[in-house]
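Subject: the structure I promised you

Hi,

Here is the structure we talked about.

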Amino acid sequence: MVREKRAVMKTNAGSIVAGFFVVALMGLSGCGEPVDKAASADGSNVAVVADFQKQLRTQLIMAKTGDVIEIPKGRFEITRGLSLKVDGVTIRGAGMAESVLTFKQQTQGAEGLIVTADDIVLEGFAVEDTKGDAIKINECRNLVIREVRVEWTAGPDEANGAYGLYPVQCENVLIDGAVAIGASDAGIYVGQSRNVVVKNSRAAYNVAGIEIENTIDADVFDNVAENNTGGILVFNLPGLSQRGERTRVFRNRIVSNNTDNFAPEGSIVGGVPVGSGVLINANDHVHIFDNEFEHNDTANVIVSSYFSTADGAEIKNKTFDPYAEAIYIHDNSYVGGGESPDTLELKTLKLAMYGLDGRFPDVIWDGYINPAVADEGKLPATLAICLQDAQSKMLNVDAPNGYNNPNEDMANHRCELAPLKPVELPFG
Amino acid sequence: MRISPVTFGPRTCIRLCLALFVLAGLTACSDSGRDSASEPSSQLLSEPKPESADEFPVLLSDWGVLHVSKQELVPGSRSVAYDLNTPLFTDYAHKFRTLWVPKGKAATFDDEGMIQFPVGTIISKTFFYPREGEHLYFDRDETLDFGSKGLALDKVRLIETRLLVHRPDGWQGLPYVWNEQQTEANLEIAGSAFELALYAGTSANGGARPAEPVHQFTYAVPDFNQCQGCHIEDLSTEKVRPIGLKPRHINKAYAHMHEAENQLAHFVQNGLLAESSQFPLAALPRNAKMDSREVSLNERARSYLDINCGHCHNRAGAGDTSGLFLNIEETDQLRLGVCKPPIAAGQGTGGRFVSIQPGKPDQSILSYRMESLDLGAMMPELGRATAHREGVDLIKAWIEAMPGECNIEEVNLI
C-alpha cells in the first residue's frame with residue numbers, strides 16, 4: 001500500500017511510535033480530514049498515503065534528537081498547523097518542486113509549520129498557500145533552511161499569509177537556496193535574531209522580498225529580489241528585545257521591485273513605497289555593495305528614519321533610536337530606477353526636480369539626523385551616510401522640513417566606512 | 001474483546017494499550033467507540049501513576065482522575081473539581097476541571113506566590129457542551145450541566161479531556177477525545193478536528209426548538225505539541241506549566257459540587273495544598289470575573305486579557321516578538337498596546353494602525369484580532385474558531401472608556 005520508505009525513529013517510546021505509525025498507515029479515513037493522494041512531480045501516482053497529515057504530525061510530535069523526518073515526493077493536503085518542538089531534527093523532502101505540503105484547506109493554526117527548537121534543518125520541500133505564515137521559527141539556535149520553497153500560488157493578494165520564512169529571536173541562521181513567493185508582508189523575514197546568512201535565494205512577488213529586522217550581524221548575498229514591492233529591507237522597529245545593527249547586503253540582483261503594495265494597511269511594510277530596491281529604516285551599520293540594481297521605480301536605494309514611519313508613541317517613549325546611521329553604499333551597478341516614484345510627496349518632488357522624463361538619483365534619503373551627535377548638520381565620520389558609487393547621487397528629500405529644501409549636496413556623503421566583518425556561522 | 005479497567009493499570013498499559021490501539025485502529029476518529037469500554041465502570045479505579053514519562057495510556061480511564069458512573073462524569077478518588085474567575089474562551093465550550101495530587105504530597109507556594117505542584121500531579125480539563133437530544137447549546141447556564149456528583153451525561157456532550165501530567169522531567173499535555181457513547185476518551189496525540197453546530201438556548205426562543213444553529217465551525221482538538229505551545233509561558237526555558245492554576249484565577253468559591261467555600265481553602269483542607277505564612281490565603285490576589293458587576297471595567301478587561309492572552313503575550317512568552325504584553329502584571333501603557341504600532345501583525349492589522357486607539361475600539365488592532373476568524377489574523381491563534389462576543393464587547397468597552405488619542409493615520413517609510 002505504501003511504497004515510500006518512512007523515517008524510522010529510535011525513541012524511548014519506540015513501540016508507541018511504531019503503534020502510531022501502524023495506525024497511521026492502516027488507512028484511516030473519514031475523520032474529518034481529507035485523505036491525501038500523493039502524486040509525483042510528473043503527475044504519475046507514486047503512492048496513496050492514507051492520512052499522510054496524521055502520520056507527519058505524529059512524526060513531528062514523537063521525534064527524537066537526531067531524527068530525519070522525510071517528506072516523500074508528492075502533494076499532501078494539510079489542514080491544521082504543524083509544529084516541531086524537538087531539538088536536533090531534520091525535515092527533509094525530495095526537493096522544493098517534488099515534496100509539497102499544501103495548506104489550501106487549512107482550518108486551524110496561524111502558521112503552516114511552527115518550530116520552537118534548536119539545531120533544526122529544513123530542506124528540500126515546499127509549503128504552499130498557508131492562511132497565515134508559512135514557516136515560523138521562534139527562539140532558536142542553529143537553524144538551516146536549505147532549498148525550501150514557500151509560496152502563495154495565486155500570486156500577490158492581501159489575503160495571503162504574512163511571512164514566508166520567518167525565523168525570529170534566533171541565533172545562527174542559514175537560509176540558502178530558498179524561494180519565497182507571494183507573501184503579503186515579507187517573503188524571507190529574519191526578525192530579532194543574531195548571526196544570520198541569507199544567500200542564493202529568490203524572493204519574488206512579495207510586499208517585502210527579504211527583510212532583516214532588529215537583527216544583529218546579517219549577511220544577505222547572492223540572492224535575487226525581483227518583482228516585490230520592496231526588494232531587500234533592513235529595519236529596526238521599537239519596543240523589541242534588541243536593536244539590530246550590522247547588515248551587509250552584497251552581490252544581490254535587485255530588479256523591478258514594482259509590484260503594487262498589497263500589505264494590509266497599518267502594517268509596517270504597508271508603508272514601503274512601490275518600486276523600492278533596498279530600503280533601510282532606523283538601522284545602523286548597513287553596507288550595500290556589489291549589487292546589481294535595475295528598474296526599481298521609486299528608487300534603487302532608500303534610507304530613512306522611523307520619524308517617517310509614524311508620529312510614534314514609541315519615539316516619545318525615548319527608548320528607541322529612530323535614526324539610520326553608518327550607512328555605506330558602494331560598488332553597485334544601476335540600470336534605470338527612480339522614474340516613477342510612489343506616494344504623492346515623492347511624485348511631486350520628482351516632477352519638480354527632475355521633470356516628467358527625469359528620474360530620482362539612485363539613492364534617496366529622508367534627511368533626518370540625530371542633533372545629539374551631529375555637528376552643524378554633519379554626522380561624525382563613523383556614523384555618516386556614505387555613497388561611494390561615483391556615478392550615483394543621493395537626494396536628501398528634506399522630510400524634516402516638509403520637503404522644503406531637497407538637495408543633492410554630496411559634501412557630507414562622499415565618504416567611506418570601515419568594512420564590516422563577514423558573518424561566521426558555526427556550521428556550513 | 002473486554003478488558004477489565006481494574007486490572008488495567010498504567011504499568012501494563014504500554015503493551016496492552018498498544019495492542020488495543022492497533023487492533024481497534026479507530027482512535028483517529030473522534031466519534032469512534034470501543035465496545036470494551038461501553039459498559040461504564042462504577043468502581044473506583046486504582047490511583048494514577050504518572051511518574052513515568054514514557055507512559056501514554058491510550059484511554060482516559062486508565063488515569064483514574066475521571067470516571068463515568070451512573071450517567072455522570074465524576075472526579076476520581078481524591079480528585080477535586082475547581083474553576084476559574086475568568087476562563088480562557090474556547091468556542092463557548094463549558095469546562096470541567098479537576099486537580100489530583102499524589103497521596104502524601106501537597107502543592108506549595110513558591111517565593112513569588114505561585115503554586116508549585118509535586119511530581120505526579122494530574123490536572124484535567126474536560127470540554128463539553130450543554131445538550132438536549134442532539135442539539136448542542138452555546139449559551140445555557142452551566143449550573144444545568146451538573147448532576148449530584150458530576151456532569152450529567154444526559155445533559156451534556158463531552159468533546160475532549162486534556163490532561164496536564166507533572167512528569168519527573170516536567171509537565172506534559174495529553175489530549176483525549178470522547179467517544180459518541182460518552183463512555184471513554186481516547187488519546188489523540190495528533191489532535192483532531194470535526195464539525196460542530198451550536199444553538200441558542202431554548203429559553204431565548206420561548207421554549208421552541210431553535211431552528212438554525214448560531215455557530216457552525218470546525219472544532220479543533222489541539223495536538224500534543226499545540227498543548228505545550230500554549231502552556232509554555234516562558235519560551236526561553238520551554239517549561240510547560242499550568243495556566244489556570246494560579247492563585248489569582250482560582251481564588252474563588254466553586255459552586256457546583258463541593259461546599260461553596262474558597263477553592264484554595266478547599267484544596268488546603270483536603271491536603272492538596274500547603275498553606276504558606278508568606279502568602280496567607282486571605283491576602284492572595286484575585287482576578288475579576290469578566291461579567292462581575294462589582295469590579296471596575298479595567299479590572300475585568302485586564303483579567304480577560306490575562307487569561308486569554310497573557311500566557312503568550314508576556315515579556316518571556318512566545319508573543320514577546322510583538323512587544324505587546326497583556327499579562328496582569330504589565331503596567332506600561334505602551335506595552336499594553338496603547339498607541340502601539342504593530343511589529344509583524346500581517347493581515348492582523350485589519351487596516352488599523354495601533355493596537356489600542358483610546359476611545360476607538362473600531363480603530364484598534366486588539367479588538368480586530370479578537371473578532372477575526374481569519375487564521376492569519378485571529379488571536380489567540382489556537383483554541384477558537386468562533387469569536388467570543390462577550391469578550392470582544394468587554395475589550396471594546398474598555399478601549400472606548402480610555403482617555404487620550406494617538407495620532408497615527410498612515411505608515412510611510414519615507
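Predicted model: local features only at pLDDT ≥ 70, side-chain atom pairs only at ≥ 80, totals over all residues.

Residues are numbered from 1 along each chain as its sequence is written, and chains are lettered from A and ligands numbered from 1 in the order in which they are written.

Chain A

In chain A, ten strands make an open sheet with parallel pairing, in the order 4-7-10-12-14-17-20-23-26-29. Its edges are strand 4 (74-77) and strand 29 (333-335) of chain A, each of which pairs on one side only. Two strands pair if DSSP finds at least two bridges between them. On average, neighbouring strands of this sheet are turned by 10° against each other, direction ignored. For one pair to look at, take strand 10 (residues 126-128) and strand 12 (residues 149-151) of chain A, which run in the parallel sense over three bridges. A:Glu128 has A:Glu151 in strand 12 of chain A as its bridge partner.

Next, some backbone angles. Most residues other than glycine have a negative phi, and most peptide bonds are trans. A:Asn172, in strand 13 (residues 163-176) of chain A, has a positive phi near 70°. A:Asn195, in strand 16 (residues 194-199) of chain A, also isn't a glycine and has a positive phi of about 65°. (Buried means 20 or more other C-beta atoms within 10 Å of the residue's own, exposed means 12 or fewer, and partly exposed is in between; C-beta atoms are placed from the backbone.)

Chain B

Chain B has seven helices and 14 strands, and 53% of its 414 residues count as buried. There is a cis peptide bond between B:Met379 and B:Pro380, with omega about -10°. B:Pro380 sits in the loop between helix 6 (365-371) and helix 7 of chain B.

Now find helix 2 (residues 224-231) of chain B: seven of its eight residues are buried, among them B:Phe224, B:Cys227 and B:Cys230. What do those buried residues pack against? The list is helix 2 (52-62) and strand 5 (80-84) of chain A, plus strand 10 (156-167) and strand 11 (170-178) of chain B. Contact here means that the C-beta atoms of two residues, placed from the backbone, lie within 7 Å.

Finally, helix 5 (residues 297-309) and helix 7 (residues 389-400) of chain B pack at about 130°, with their axes 9 Å apart. (Axes are lines fitted to C-alpha atoms, for helices over the stretch in contact, and angles run from 0 to 180 degrees between N-to-C directions.) That makes helix 5 of chain B oblique to helix 7 of chain B; under 35 degrees would be roughly parallel, over 145 roughly antiparallel and 65 to 115 roughly perpendicular, with the rest oblique. Residues making this contact include B:Leu297 and B:Tyr304 of helix 5 of chain B, and B:Leu394 and B:Trp398 of helix 7 of chain B.

Cheers

Technical notes: Helix = DSSP H or I, 4+ residues; strand = E, 2+ residues; numbered from the N terminus.
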